[in-house]
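Please look through the backbone geometry of the structure shown here. The text below takes up its peptide bonds and phi angles in turn.

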Amino acid sequence: MTSLTCKFLPDPKTIAVVGCPFSGGQPKVGVDKGPIHLVEAGLLTQLKELGWNVQFDGHHQFEEISTADDPPIGKLKNPRFVSRVTKAVAQVVGDHAKKGQLPLTLGGDHSLAMGTISGTLDTYPDACVVWVDAHADINTADSTDSGNIHGMPVSFLMGLGSKIPEFGWVKSALRPDRIVYIGLRDVDAGEKRILKENDIKAFSMHEVDKYGIGKVVEMALDHVNPKRDRPIHLSFDVDALDPSVAPSTGTPVRGGLTFREGHYICEAIYETGLLVALDLMEVNPSLADEESVKQTVTVGCSLVRSALGETLL
């Protein structure tokens, strides 16, 4: 690890790994196995080698939360299950953050970000979010077609759309000017409208092509963190990468970030010294052949290392 000071983290610098084998926010089986594969690939040792203290108490078990009695609310699928799990995750992430640790949440599907970002904002109310994803995940209960909550966490964090009592615990603490997207390329019509109406900054693959990733990251940070003094929560969905780079994910979309573009984002965020929380989501080891799974897990570990201080030189 470079001797970069992390402005919000006391020494010795500690990562708390939060393994979340959870797939309730979307219909495809297997995304709950992502965190287990990442840990088995040696991620914890890799982080220790970067100079971090690493705390890992095993993957969180959600079995005691039953899905049996969880009929849809409107279109929303598994609403009570997702709410209870994300609330538990918010508590865990918030507790780690309050202790001055950096929570690294391994997903699982991206509905978990409702919990992770809530936990971050609870401890760092002025934090900003850099959301790297092919999808905006900002559908509301009103705009969603599928009812899959992994496409909705940002709208809950902002308090958009019809209120769902089951998600009353989410404080709607994320302001529209405190989130920026990088890598979007598969955005629903309803989501485009929501982004425009709320004046939310998003850099799609069009901007990445036009300006290059270095300029895009700079512009993204200028928007959410102009003085470079706010804590940063980086929420990285592995489907932001092109499927040729990370094939083993639930909703792959062609034309994504290259291997290097994905890593550059992580490296640049680390260089700010402002990172306080990191999510790596949507690695799904059951959706591809063994070689593709291995490739995706290896890339996932590599992205995490880049966000936590690994440099090329």
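**Backbone exceptions**

In this predicted model, Pro12 sits in the segment before β1 (14-20).

Gly108 belongs to the loop between β3 (102-107) and α4 (113-123).

Most peptide bonds are trans, and most residues other than glycine have a negative phi.

Arg228 is not a glycine, yet its phi is positive, at about 55°. The residue is part of the loop between α8 (213-224) and β7 (232-237). Is Arg228 buried, partly exposed or exposed? Its relative accessible area is 27%. Buried requires a value under 20% and exposed a value over 50%, so Arg228 is classed as partly exposed.

Glu282 also is a residue other than glycine with a positive phi, here near 70°. Its place is the loop between β8 (275-281) and α10 (290-307). Which accessibility class does Glu282 fall into? Its relative accessibility is 1%, and the cut-off for buried is under 20%, so Glu282 counts as buried.

Taken by location, Arg228 and Glu282 each lie in a loop, as does Gly108, while Pro12 is in the segment before β1.

Key:
Residues are numbered from 1 along each chain as its sequence is written. This is a predicted model: local features need pLDDT of at least 70, side-chain atom pairs count only at pLDDT 80 or more; totals for chains, interfaces and linings use all residues. Side-chain values use heavy atoms; hydrogens and water are left out. Helices (H or I, at least four residues) and strands (E, at least two) are DSSP runs, numbered from the N terminus. Buried means under 20% relative accessible area, exposed over 50%, partly exposed in between (1.4 Å probe, protein chains only).
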